[in-house]
Amino acid sequence: MIDRRSIAGKAPRPDRHVPLVVVGAGAAGVAAAIEAARAGVEVLLVDEHPIDNDMMAMDVPLCFGQRMDATVRNRAAMLERVVETNPALASVHDAGVDVQLGTCVWGAFVSGPTVQELPTPMLGLADDRRSWLVGYDRLIVAAGARDVLLGFAGWERAGTLGANGAAALLARYRALAAKRLVVIGSGPLGLHTAALALAQGVDVAGVVEIAPGVRGDAAAAKALAGRGVPFFTGHTIRAARGRTGEIESLVLVAVDADGRPRAGAEREIACDAVCLALGLAPSVELLHLVGARLSFVGALGGWVPEVDAWMRTSVPTVFAAGDCAGFHDGMLAAPGVAREQGRVAGLGAAVSLGALEPREAQTRRGVHVSAPSASAEAHGHWQAWLRSLIEAGGWEVNVCQCEEVTRRELVETKPPRYLKWDSPQMSARDLATLLRDGPVNQDQIKRLTRAGMGPCQSRRCREQVGLLLAQAAGTTLDRIPLPTFRPPVRPLPLNVLWPTDEPAAMREDWVSWFGIPTQFSPHWTAGMAIDEPTAHTRLILSDE
Amino acid sequence: MTAERGATVVIVGGGVTGLSAGWWLARAGVDVLVLDKGIVGWEASGRNGGGATHVYSPFGLEEQRLWPQLDELLGYPTEYQPYRIGVALTGAQLALARRWAEIGGVRGFRWEALDRRQLKELVPIVGDEAIGGTYLHFGGHANPQRTVQAYAWALQDHGGRILQHTTVTGLVTRGGRVTAVETTRGTIGADAVIVAAGPQTGLFADMLGVALPLAPARVEMIATEPIPLMGVGGVAGNGLYGRQTLRGNLVYGGGPHEWINVPDMATPEHANTPLVRNLARRLAELFPGAAHVRVIRAWSGLVENTPDGLPVVERLAHPDNVVIATMSSVGFGLSPASGRAISELVQHGRCMFADLGALALSRFAGTPRDWRERAGWVATGPEVATAAGGDG
């Protein structure tokens, strides 16, 4: 006997099954796909660029700050640019890899303690019109890194970008709708971003740094200065200003050695975009969904997968390579590292699929190129920036743009304003009272305050919420459990997720709840049983 | 490690049922301690559809009486909103919606039938596929996570205690009574014990030599980005349960469950499956005017069911200082009433406001040990992969 209202007999079937799926066509993904294909493995390489304009407008997956020009609406043109600006794609294609561009991976579904129905591990894929499922034997995640934003007064205005969002608009799409950019952060990422902007003909109105001196390479800074880029070291952001909804200037304020603003030391810089280039966070969403063990490594940008010498995660079928396996500023100077990790992961996946002898893989792998070590862990620096931004901008600045939750509301764990709730009991509760009952948990506070619950899926606030909570709780970010990532890890419309291939049984046997005939029957009479239309379950109440 | 001070009543499980019971007891001045293996309300209690319309239940009238005043009673917001609208796309769906309404009618609540035009006025995102519906001037919905937190805080405000991240591993029995609970933080004394541990409730019943037939299952939900607020947020139909939150998100679940095994006290991840796509489709069918709206997250939860899908809420005969409570996968909405009933069972030995005869454990006295297999309520394991494409 099977329960027809259960999933039994209706398990999802992938549209296709591929021995190896590689997610992300950056340096790591491309190298992985080529190595595996050379070993004779059938490979599917998916990459979400060009990203759908509506998604870009939500700062997904990178922070584009509404500074895309109109060409991003032309998908055909964008596809051409993506191909043109990523010459490596041609070589992947030549290697016999099936390349799907403009395709995001929004879910990864695997068996576990509460999921036993799946015939195979599978990914949810989607383009701008439809979604589908692909089963895999091996998965290499080369998903890159996310932008890390720290808010300031006025950062909701159009023009607040992240370093990777800006880089995508500048170099990949050539579609940045901004003329004068201020770069926040003078580390390697900031200097790199400023140079990229100049190279694409965008003015750099300043590089801002809270530290007393430039943090990145002195020669690179000098070259920028030589091209007329002003450096504002020992400064933080007071506010962005402009007509409604637009950034037209940025107000800076000089800070002392502790990051505190000095009275009267303000200056206003005309600009139409502000790029936060303080660091990046590894994109570990899919790795989290497949259950790969993640650990917090400050020097690598936060939560990163634990990998072995072949970039294999704790889940034997899943590998990670490139920035999603850990990123720090110093890696900008060594683009070979991501490529090397990708090659190694591709070889490792080929070996694990039996397509390559381990000895041969070792030979092809060659001499190991080790990543440059990080000059410092990122989070202490972010925390220092955040403190200065709070000193300069106050506690009423939104930490979460989507849900309009201020820094104060977050650390006071206030219910959202739209509930219009006030009571003496509620006023007596805050983060400190919550911490009496257990350690700080970002997911719990997210649900109470709604910080991180919006359509950007907490991309713009995940790190700063964590940093603020750590600061308020007197702890450090590494001591706070990883806030979970939920599928779909891209916000997709209902009619895109819509499956066109539902088995007939899915429709026929669908009920809203278990379909137990007596479950919703009035207890006072036997004659009014609620019987959902497709009830088939026989109740086993006695041993007849 | 110093063990926590004992309590008059120790509650195993900080879900919505245990917390409500604890709150009622604390309100009555009883020294109460709630133990949870994780964070309060972190499992099904805090991640369900939020419905509060169960007038068929012995707890139904009390549920309806209490919800409208619950925010004030607790001192914290539950996000409770009154009324429900049922949308039907087929004749069968309409019959089912009307059946729900009629049960309310029998209990003295008002409802009205809606034609397509009335339905579209109330719920602008329904489409021409809708054939009609029901407007229940009773029932409602609330925010599950906010509600469990409200119970927990209100319980503390009345002097009750909550110990999170504390797993109960055993029950100490002496002289026919449970005298203490063993936990990962030591042994904690108790004069009375309430077991309201969701899918794990059966494991505790086992420890007491009581057979409580329970089958755990995983169910899933999706949430969209916010859309403009509708006049009544409690709109459901097309095989979905759920609501529009006060923020504007559409939050819905339904469809096939997966029977699983919960072998121990572990807390598994709240994993989703591709069912999120099927849910998205049904939501777009229900609300064609919102088909373009984006799904921003999905989650799952574990619930347990008894063989007839009805709760077991009972003060045991042996040991007689233990109350066992499982709401059989329908516990959130009924929680103000079920908690009150449990608190009365502990204090007075019986529920003062409802006859709980229908929920007695004795109805399963003849249930065979292999009932799950017989009903097909078992984990079936992975299906063999087949060729691409649907068969429907």
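A polar contact is a pair of N or O atoms within 3.5 Å; within protein, one atom must be able to donate a hydrogen and the other to accept it, and residues adjacent in sequence count only if both atoms are side-chain atoms. I start my notes with that term and note that the model is predicted.

**Entry: the two chains together**

I looked up the polar contacts between chain B and chain A and found 50 residue pairs, both residues at pLDDT 80 or more. I then asked which elements of chain B give two or more residues to the side that touches chain A. They are α2 (60-74), α3 (91-106), α5 (144-157), β10 (215-226), β14 (258-259), α7 (275-286), β15 (294-305) and α9 (371-375) of chain B. The most comes from α7(B), with 11 residues. Sorted by class, this side of chain B has 58 nonpolar, 35 polar and 26 charged residues.

I also looked up the extent of the interface. In it, 119 residues of chain B are in contact with 103 residues of chain A. The size of an interface is often given as the accessible area lost when the parts come together. Here the area buried between chain B and chain A is about 9600 Å², and carbon and sulfur atoms give 59% of it.

**Entry: salt bridges**

How many salt bridges are there between chain B and chain A? I noted seven. In a salt bridge with an N to O distance of 3.7 Å, the side chain of Arg281(B) meets that of Glu502(A).

Over all chains, a search of the whole structure finds 51 salt bridges. I picked out the side chains of Asp509(A) and Lys10(A), which meet at 3.8 Å, N to O. This pair links distant parts of the chain, 499 residues apart. Asp509(A) is in the segment after α18 (504-508) of chain A, and Lys10(A) is in the segment before β1 (16-23) of chain A.

**Entry: strands across the interface**

I checked for strand pairing between the chains. Strand β22 (residues 492-493) of chain A and β15(B) run antiparallel and are joined by two bridges. Leu492(A) has Val295(B) as its bridge partner in β15(B).

**Entry: a sheet in chain A**

I followed an open sheet of five strands in chain A, in the order β8-β15-β9-β10-β11, with parallel pairing. The edges are β8 (160-162) and β11 (231-233) of chain A; each has a single partner strand, so one side of each is left without a neighbour in the sheet. From one strand to the next, the twist averages 20°.

β8(A) pairs with strand β15 (residues 273-276) of chain A in the parallel sense, over three bridges. Across β8 and β15 of chain A lies helix α5 (residues 163-172), which runs at about 90° to β8(A).

**Entry: a sheet in chain B**

In chain B I looked up an open sheet of four strands, ordered β4-β5-β3-β11, and found the pairing mixed. Neighbouring strands are turned by 30° against each other on average, direction ignored. β4(B) and strand β5 (residues 132-141) of chain B run antiparallel, joined by four bridges. In β5(B), Gly133(B) stands opposite Leu114(B).

**Entry: Trp310(A)**

Where does Trp310(A) lie? I found Trp310(A) in the loop between β18 (302-305) and β19 (318-320) of chain A. Leaving aside neighbours within four places in sequence, its contacts include Phe319(A), Val344(A), Leu347(A) and Arg365(A). Arg343(A) is 33 residues from Trp310(A) in sequence and 9.3 Å away in space, C-alpha to C-alpha.

Terms used
Residues numbered from 1 in each chain as written. Chains lettered and ligands numbered in written order. Predicted model: local features only at pLDDT ≥ 70, side-chain atom pairs only at ≥ 80, totals over all residues. Heavy atoms only, no water. Contact = heavy atoms within 4.5 Å. Buried area = accessible area lost by both parts, 1.4 Å probe. Salt bridge = Lys/Arg side-chain N within 4 Å of Asp/Glu carboxyl O. Nonpolar A, V, L, I, M, F, W, Y, C, P; charged D, E, K, R; others polar. Pairing = 2+ DSSP bridges. Axes fitted to C-alpha atoms, helices over the stretch in contact; angles between N-to-C directions.
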